[in-house]
Amino acid sequence: MPLNRKDVLTLEDMSVEEMTLILDTADSLKEILGRDIKKVPTLRGRSVMTLFYEPSTRTRTSFEMAGKYMSADTANIATTTSAVVKGETLKDTAWTVEAMGIDCIVMRHPIAGAPHFLARICQASIINAGDGMHEHPTQGLLDMFSIRERKGTLRALKVAIVGDILHSRVARSNIWGLTKMGADVWVTGPSTLMPPGIERTGVRTTFRVEEAIEGADVVMVLRLQLERQKKGLFPSIREYSRLFGVTRERLALAKQDFILMHPGPMNRGVEIASDVADSEYSLITDQVTNGVAVRMAVLYLLLGGGPEGSAQAEGGGEKR
Amino acid sequence: MKPKLVVKNGLVADPLAGKSKVQDIVVENGRIAAVAPGLGEGDPGGRGQEPGPDLIVIDASGKVVLPGLIDAHTHLREPGQEHKEDIASGTAAAAVGGFTTVAAMPNTDPVIDTRAGVEFVLKRAAEAGRVNVLPLGAVTKGQKGAELAEMGDMAEAGAVAFSDDGRPVTGSELMRCALEYVKMLGRPIISHCEDVDLVNEGVMHQGYWSTVLGLRGVPAAAEEVAVARDVILAGLTGSRLHLTHLSTAGSMALLRWAKDRGFPVTADVTPHHLALTDEAVRTLDYDTDTKVNPPLRASEDVEALREAVRSGLVDLIATDHAPHHFDDKDVEYNYAASGISGLETAVAVVVTCLVREGFLDWVGLARMMSLAPARLFGLESKGTLKVGADADLTIIDPEAEWTVDPAAFASKGRNTPFKGMRLRGRVTETIVGGRVVLLGGKLV
C-alpha cells in the first residue's frame with residue numbers, strides 16, 4: 001500500500017494510519033542498513049534532488065543515502081553554489097530542477113510554507129526537510145520511530161520536550177505526531193521561547209523543567225540557537241543552562257528506563273550536559289541511523305508504490 | 001452640456017436624510033436636480049423629453065442607490081510603480097467597485113511630499129482618471145520620519161489629508177509637531193499605527209495560527225501601542241487624527257476611550273479585516289494573497305470590528321486597496337509584498353458580511369463609505385443625495401451573487417484572498433458628476 005499523497009509537508013495533516021504505515025515500512029527497511037551490500041533496486045530509475053537553502057549535515061546526507069540504498073539517482077543543490085546566489089527565484093529553481101526529470105524534491109528552506117508553495121507549482125513529489133519554524137516531518141517520524149523501537153509503543157508515554165519551542169520545527173512535528181499517536185506530551189522552556197496558543201495543539205506546558213521531566217519516559221532536548229540571546233530572549237547562556245539545561249540531576253526525576261534524545265547539532269554544556277549526552281540513556285546516534293530508515297520509507301512510499309511490489313519482497317530477494 | 005439623467009425606482013439611501021425609500025433621482029449639469037417618488041413616470045425627463053442622446057434613463061428597480069462611494073485609502077501606485085497599478089487602471093477598478101472618488105496614498109516612487117507631486121497626481125487624474133482622485137500628501141519628507149514635508153504648500157495645491165501610510169511616524173515628538181501643524185491647515189493626519197519594534201519581522205497575526213504555521217507573528221499590541229500614542233497626542237494637540245486600517249479588539253477599546261474623552265479622532269476598518277481571520281493563511285495554504293499589513297487577525301478581533309461597525313464606534317470603511325504585480329506575490333511568504341487589491345470586492349464583501357448579517361443597513365453603508373469619508377476630507381457637496389449635491393451615484397444590485405475572479409479585475413493587482421469566493425451584492429452602475437462610467441456592470 002503506497003501513501004496516498006503526492007507530498008510530505010507536515011505531520012499536522014498526516015493521519016495516524018499514514019504515520020503508522022511509514023514507521024512499519026521503516027521497520028522492515030532498516031534491516032537493509034545492516035547488510036554488507038546496502039543496495040536494493042526498489043527505486044531504480046527514480047530520481048531525487050535535495051535542494052537545501054540552509055546548512056545541514058544529517059538531514060541532507062541521510063536523504064541522499066536513503067535514496068542511494070534503494071538505487072534512486074540522487075543529486076544535490078546547495079544554494080550557496082547555485083544560481084540562487086544570482087537571484088534566481090524559488091519557482092524558477094524548482095522548475096529548472098523539475099525540467100531535468102526529477103521525481104522528488106527534498107527541500108529545506110528558512111521560510112515556513114516554502115515547500116507548500118513548491119508543492120503547488122511542481123508535479124514532482126515534495127518532501128519538506130524543514131521549513132523555517134514550521135515543521136520537519138521526517139525528523140518527527142524518525143524520533144517517533146526511535147521511541148517506538150525502544151519502548152514498543154508511543155501510547156501513554158510521557159514525553160518532555162525541552163528548550164526553544166518557539167523557533168523549533170522539530171518540536172512542532174513531534175508535537176503533532178506524538179499527540180496523535182497517544183503520547184502525553186509536555187513542553188517546557190523559557191517563557192520568551194514558548195509560542196502563543198501552543199497548549200491548543202494538545203500539549204501541556206510548564207516553565208519548570210523539573211515538572212516536565214518528572215516521570216518522563218522520553219526527554220527530548222532541542223538545540224538552542226545561541227544568537228537568540230542577542231535578541232533579548234534570555235539574559236545569558238549561563239542562566240539558560242542553569243534554568244533549563246538537561247543535567248544528570250534533573251534526569252534523576254525521569255523514569256528509570258527513560259530515553260534521552262536530541263535532534264542535533266548539540267551545544268554541549270548548554271542545553272544538554274556532555275555526560276548525559278554520551279550516557280547509556282542517549283538515543284542520539286540511533287536517531288541518525290533511524291533517520292536513514294525512515295527517509296527510505298518515505299521515499300519508497302511516495303515513489304515506489306508501483307506494480308513492482310513491496311520493498312520487503314525485493315529487499316528479501318537481495319538478502320545475503 | 002451633459003445629458004440629463006434619470007435614475008428610476010431605486011431604493012435611495014441618503015445618510016444625511018437618515019433613511020431609505022424608493023425614489024427617482026434627476027441629475028442635471030452634474031448635480032442632483034430633484035429627488036422624489038414618481039418623477040420618472042410617463043414623462044421621465046419632464047417637458048415632454050424622450051430618452052435619447054440628451055436624456056439617459058436608468059431603471060434601478062430592485063436596486064439600491066447610494067451617494068457615490070468614497071475610498072479614503074487607495075494605493076494607485078503612480079508615479080513609479082506602474083507595473084502594479086496606475087491612475088487609469090486604479091480608477092477603472094474604482095468605477096467597477098462603485099467608488100466615485102478615491103484618496104490616493106502618497107507612498108509612490110517618488111513619494112508625494114511636495115506641491116509638484118500633488119499637481120502631478122491631479123494632472124494624471126484629469127487625463128486618465130475615470131473617477132475623482134483626491135491626492136494625499138506625505139507627513140514627512142520622503143516618508144522618512146525625520147522632517148515635516150511641506151504640508152501647507154501641498155494643501156494649497158489640493159492635498160486633502162496627510163499620511164506616511166505604509167509606515168508609522170516613529171518619533172513621538174515629530175508626530176506631535178505634525179498634528180499641531182495641520183491644525184492651521186484644517187486637514188487631518190491619517191495614521192498607520194504600527195510599532196515597528198514590536199512587529200519584529202512578523203508576517204502574520206501572532207496567535208495560535210502563527211504558532212501552527214511557524215510564521216513569525218505580529219502581536220495585536222504592535223498596533224495598539226501606536227494607536228494609544230496617537231490618540232493621546234490627538235488629545236494633547238486637539239488636532240484631527242484619523243486612524244486607518246485598525247484591526248484589533250484592543251484598538252476598538254482605545255478608540256472608544258479617545259472618543260469618550262472628546263478627542264478629535266475618527267477611524268476606518270477594511271473589508272478584509274471585517275471578513276477574514278488569520279486562519280485564512282492556513283486555509284489558503286500559505287497563499288501570499290493573505291499577507292497584508294496589518295495582518296488578518298483572530299476571530300475575536302473580527303467580531304470586535306463588526307460590533308464597532310454596528311455600534312457606530314468606527315466611522316468609515318476604507319479598502320486599503322494595495323495592488324501588487326504577480327511576481328511580487330509569487331514567492332515565499334516572508335518575501336511577498338503585503339497588500340490586497342480591494343476596490344472591486346469591497347462592496348460585495350461589506351454586503352455579504354455586514355449588511356446581510358445585520359451589522360449594517362444601507363443608510364449605514366452609505367454613511368460609512370460615502371458621507372464619513374466626504375466629511376473627513378471636507379467635501380461638503382459629496383456623501384449625500386440632497387438636491388444640489390454632486391451627482392456621484394453608486395447603484396447596487398443587492399441580490400446579485402457572483403464569484404470573485406481576479407483575472408477579470410480592471411485593476412492590475414489580482415492579489416486577493418477572496419478569489420473564488422461566492423459573494424452577494426454587485427455594483428451595476430457608477431455615476432461620476434452625472435457621467436455614467438459603469439453601466440450594467442461594464443465600464444463605459
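Predicted model: local features only at pLDDT ≥ 70, side-chain atom pairs only at ≥ 80, totals over all residues.
A word on conventions. Residues are numbered from 1 along each chain as its sequence is written, while chains are lettered from A and ligands numbered from 1 in the order in which they are written. Local features need pLDDT of at least 70, side-chain atom pairs count only at pLDDT 80 or more, totals for chains, interfaces and linings use all residues, and side-chain values use heavy atoms, with hydrogens and water left out.

Let's start with the cores. A nonpolar core here is a set of buried Ala, Val, Leu, Ile, Met, Phe, Trp, Tyr and Cys residues joined through side-chain atoms within 4.5 Å. Buried means under 20% relative accessible area, exposed over 50%, partly exposed in between, with a 1.4 Å probe and protein chains only. The largest core has 90 residues. Leu243(B), Val265(B) and Ile317(B) are among those with the most contacts inside it. Which helix gives the largest share of this core? That is α13 of chain B, residues 346-355, with nine residues. Helices (H or I, at least four residues) and strands (E, at least two) are DSSP runs, numbered from the N terminus. Domain 1 (4-65 + 389-443) and domain 2 (69-376) of chain B both contribute, so the core lies between them. Those bounds come from an automatic or database domain assignment.

Look at Ile317(B). Leaving out residues up to four places away in sequence, Ile317(B) touches Val269(B), Pro271(B), Leu274(B), Val350(B), Leu354(B), Leu360(B), Met368(B) and Met369(B). Contact means heavy atoms within 4.5 Å.

Now the sheet in chain B. Eight strands form an open, parallel sheet, in the order β6-β7-β8-β9-β10-β13-β14-β15. Strands pair if DSSP finds at least two bridges between them. The edges are β6 (69-74) and β15 (316-317), each pairing on one side only. Strand β14(B), residues 265-269, joins β15(B) over two bridges. Asp268(B) stands opposite Leu316(B) there. Helix α7(B), residues 220-237, lies across β10, β13 and β14 of chain B, at about 165 degrees to β13(B). Axes are lines fitted to C-alpha atoms, for helices over the stretch in contact, and angles run from 0 to 180 degrees between N-to-C directions.

On to charges. There are 46 salt bridges over all chains. The criterion is a side-chain nitrogen of Lys or Arg within 4 Å of a carboxyl oxygen of Asp or Glu. Arg5(A) pairs with Asp13(A) at 3.8 Å; Arg5(A) is buried at 19%, whereas Asp13(A) is partly exposed at 41%. Glu64(A) meets Arg60(A) at 2.8 Å. Both lie in helix α2(A), residues 58-69, four residues apart, about one turn. Asp286(A) and Arg150(A) meet at 3.6 Å. Asp286(A) is in α11(A) and Arg150(A) in α5(A), so this pair ties together parts 136 residues apart in sequence. In chain B, Arg31(B), Lys382(B), Asp390(B) and Asp392(B) form a salt-bridge network.

Last, the backbone. Most residues other than glycine have a negative phi, and most peptide bonds are trans. Where are the exceptions? Asn293(B) and Pro294(B) share another cis bond, at about -5 degrees. Pro294(B) sits in the loop between α10 and α11 of chain B. Asp285(B) is in that loop too, with a positive phi of about 55 degrees. Tyr286(B), also there, has phi near 65 degrees. Is Tyr286(B) buried or exposed? Tyr286(B) is buried, at 3%, while Asp285(B) is partly exposed, at 29%.
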